[in-house]
Amino acid sequence: MVKLSTLLDQIDTGTVLLPEFQRGYVWNRDQVRGLMRSMYLGHPVGSLLMWETSDSELSARGADPGSGPYLMLLDGQQRITSLYGVIKGSAPAFFDGDPKAFTGLYFNVASGDFAFYMPSKMAGDPRWVNVTELFSKGPIHYLAPFAADPDAATEYLERLNRLHQVTVREFHQEKITGSENRIDEVVDIFNRVNSGGTKLSKGDLALARVCAQWPDARRVMRRAIDRWQERGYRFSLDWLLRATTAVAVGRAQFESLNKVTAREFESALERTIAHTDTFLEAVSGRLGLDHDRVLKSRSSLAVAVRLLELNGGRFDDRAHRDRVLYWYMHSALWARYSATTETTLQRDYDTAAQSGVDGLITALERSRNGSLAVRPDDFEGTQGGRFYPLLYVLVRTQGARDLGTGLELNAQALGAGSPLIRRALFSTELLRGHGGRADAIANFCFLTQDGGGAAAHQEPHEYLGAVEAALPGALASQWIPNDPELWRPERYSDFLAARRELLAGAARSFLEELREGTAQEDPADLAPLTVTAERSLDPRAMQIGELVESLREAGYAEPELDTVISDPVTGRVIAEAEAFWPDGLQRGQGKPVVLELDPEQADLPRLQELGYEVFTSADSLRGFVERLGREPFGVPVPEAGEEPHAEEEPEEPVPAGPETVDFGKAMLGLYEKAKQDAGYTASAFLGMLSELGPLGTARRLLHAPAVSDGFANLWERGRLDLTVEALVLRPEFAPLFTEEELGRARGRLEQFGYRFLGE
């Protein structure tokens with residue numbers, strides 16, 4: 001048995017270390033809160049597994065192993081790291097993760113609840129105590145505000161003392177001892193102990209062996225990954241290790257590193273980082289693929305790095321560079337490595353060694369029945385599809401012009417710090433009742449900030465003609481069909497078909513130019529741009545954004561957004577997911593997670609067969625996450641309430657117009673204010689917006705008090721019914737509603753004494 005306080009001191013003195021093969025910290029805020037609650041209540045929280053060794057050659061995080069025995073923490077990293085962070089107020093020396101998961105935890109002396117800091121809920125309330133400060137200042141410090149109520153002060157002191165005493169809690173500690181234990185055997189023990197947790201991948205095992213010889217390997221790799229992330233590109237340790245394996249030995253399997261010495265690996269890693277920089281400069285400067293959302297296929301990048309290694313780390317000339325980029329674009333577009341990745345990678349590594357990029361192009365053509373031609377139907381997907389980056393490439397490289405100013409969409413025209421804005425020509429609101437998705441690839445155009453405002457409240461048939469009259473050729477520069485009959489929502493499908501034809505033609509021309517090296521002159525490097533999506537009235541996009549942000553704040557992994565998921569056996573696309581966590585919601589824990597809001601367009605049985613956790617609504621995923629984080633430590637999860645039903649059917653929404661658009665923006669503004677002021681994310685409200693539109697949602701609330709009360713219970717619950725009724729009565733919006741509905745709104749406001757979140 002070992003006291004927690006002793007264990008924390010041993011971490012500070014470097015007696016307890018973390019083996020280099022361990023992954024980083026992956027817990028989230030709910031798990032930290034649940035652990036502290038269990039510690040406070042005296043509930044069991046599990047034992048620890050230590051490896052006692054005197055091997056000074058082992059690679060560890062936290063300190064350099066010195067002489068004499070020390071302890072490697074094999075099982076219990078997440079728990080001990082969380083307790084150290086909360087109690088000490090900083091991360092331990094071996095920490096690798098997001099410290100927000102354990103900073104800002106508060107304890108309510110009246111209720112015994114734990115929660116992370118929320119200003120609207122805790123500011124100025126002495127009952128909420130900063131847990132980290134409690135461990136440094138002691139319980140007495142927090143009693144002064146309750147001096148006038150001795151009974152409460154006594155009760156609160158007892159609770160504070162109980163929490164403060166968790167540092168003397170004893171953990172059962174098992175040890176692996178004996179000098180005969182090799183790292184491979186210990187790693188095997190670790191994997192068996194963690195069979196339900198953070199099990200090591202082949203890449204982790206390979207990196208553990210590398211770090212045993214070269215302790216700084218992970219640190220050097222992390223430094224490169226962090227630098228690329230600052231440029232807008234996300235790479236994993238597994239990817240960098242795979243690329244380094246390709247450079248070192250020309251093999252796709254991690255096991256090939258077993259015979260590579262530490263010095264050979266260090267040299268190969270240095271070259272891999274340099275080759276990756278070279279290729280990213282070409283991808284960004286020539287194609288404009290300057291951020292992670294449009295840089296697809298990390299496996300293709302590994303092959304490109306191998307090509308550069310075989311060619312001395314450089315391109316022969318501009319034409320050679322363009323052919324490599326041609327191969328890269330097509331390998332990404334056709335998902336070359338979505339099935340049997342290692343087998344296909346090895347085949348292409350060998351092809352690259354034998355016949356260079358021309359051989360790779362030939363192999364790719366052969367896999368596509370002799371043709372790499374881009375067809376119009378290839379642009380049929382959504383922003384998550386493989387061909388969205390090709391639209392972005394065309395905009396960046398083919399002189400696309402702003403529809404408001406006529407200026408070319410480049411860094412010079414945008415100016416310092418100004419983003420390129422992606423906009424749907426036909427909005428979700430406009431398409432309601434006409435079918436079709438607003439996030440179709442062929443529905444997007446790109447604008448400057450100055451160019452997006454003039455037509456903000458107009459439909460395409462109202463402003464595209466004016467654009468063409470004022471700025472001849474601007475529509476053609478973004479491949480927008482110049483046929484006014486196609487600019488109406490009832491012709492949306494025909495508009496998409498016509499624009500896909502134009503996009504496919506432009507893509508074939510540009511890609512062929514890359515292959516043939518026929519650019520008349522070497523274009524100037526494209527400067528990186530920041531791209532933002534225009535703020536949309538699409539509640540589904542809002543829901544996804546809110547969900548991802550809340551998960552990020554809670555300490556869960558960052559998902560891939562709007563991404564294609566392919567069958568690993570056949571390469572067939574089986575989903576275009578709104579969000580995808582390929583390594584689980586927490587890195588290395590649990591199954592891959594898919595959020596697919598259009599289940600009818602995905603192969604759900606195949607996704608489930610492949611072992612993915614699939615969710616078809618943001619609410620279902622949110623509920624899963626709550627249970628995932630709380631159940632292990634016994635934190636009660638509120639039961640989901642029954643869905644209320646409307647007492648009367650609301651009228652059909654009024655067709656979209658400027659007033660409707662403004663009303664929708666005001667609804668979303670109130671939602672954001674409720675989230676900020678009351679700390680409440682009203683996902684059900686967003687779901688109604690998605691289903692009914694802003695006016696339909698308002699009518700549902702007005703006509704169905706059961707629904708309204710289900711959202712509401714006034715100010716302190718942070719719900720939205722009263723704010724909606726206040727909106728309905730605003731003079732500019734009142735004409736959108738009937739006299740009966742206006743009367744209902746007045747009655748509701750009077751009933752609750754005019755207490756609502758905002759205007």
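This is a predicted model: local features need pLDDT of at least 70, side-chain atom pairs count only at pLDDT 80 or more; totals for chains, interfaces and linings use all residues.
Trainee: Understood. How many residues of helix 15 are buried, then?

Mentor: Nine of the 10 residues in helix 15, which spans residues 388–397, are buried, so this helix is largely enclosed by the rest of the structure.

Trainee: Which ones are they?

Mentor: The buried residues of helix 15 are Y388, P389, L390, L391, Y392, V393, L394, V395 and R396.

Trainee: And what covers the buried residues of helix 15?

Mentor: The cover includes three helices, namely helix 11 (262–287), helix 13 (318–333) and helix 21 (492–516). Strand 11, strand 12 and strand 13 also contribute to it.

Trainee: What follows helix 15?

Mentor: G399 follows helix 15, and its phi is positive, near 70 degrees.

Trainee: In which sense do strand 11 and strand 13 pair?

Mentor: Strand 11, residues 420–424, pairs with strand 13 in the parallel sense, over three bridges. As one point of reference, L420 has V531 of strand 13 as its bridge partner.

Trainee: Changing topic: what is the strand order in the open sheet of four strands?

Mentor: The order there is 14-15-16-17, and the pairing is again mixed. Strand 14 (560–566) and strand 17 (613–615) are the edge strands; each has a single partner strand, so one side of each is left without a neighbour in the sheet. The twist from one strand to the next averages 40 degrees.

Trainee: Over how many bridges do strand 16 and strand 17 pair?

Mentor: Strand 16 (residues 593–595) and strand 17 pair over three bridges, in the parallel sense. V594 has V614 in strand 17 as its bridge partner.

Trainee: Finally, the whole chain. How many helices and strands does it have?

Mentor: The chain has 30 helices and 17 strands. Of its 759 residues, 53% are buried.

Trainee: What share of the contacts joins residues 24 or more positions apart?

Mentor: Such pairs account for 71% of the contacts in the chain with a separation of 6 or more. As for the surface, the accessible area of the chain is about 32600 Å², and 48% of it belongs to carbon and sulfur atoms.

Note on methods:
Residues are numbered from 1 along each chain as its sequence is written. Side-chain values use heavy atoms; hydrogens and water are left out. Helices (H or I, at least four residues) and strands (E, at least two) are DSSP runs, numbered from the N terminus. Buried means under 20% relative accessible area, exposed over 50%, partly exposed in between (1.4 Å probe, protein chains only). Contact means heavy atoms within 4.5 Å. Accessible areas come from the Shrake-Rupley method with a 1.4 Å probe; for residues, only the protein chains shown count as cover. Two strands pair if DSSP finds at least two bridges between them. Axes are lines fitted to C-alpha atoms, for helices over the stretch in contact, and angles run from 0 to 180 degrees between N-to-C directions.
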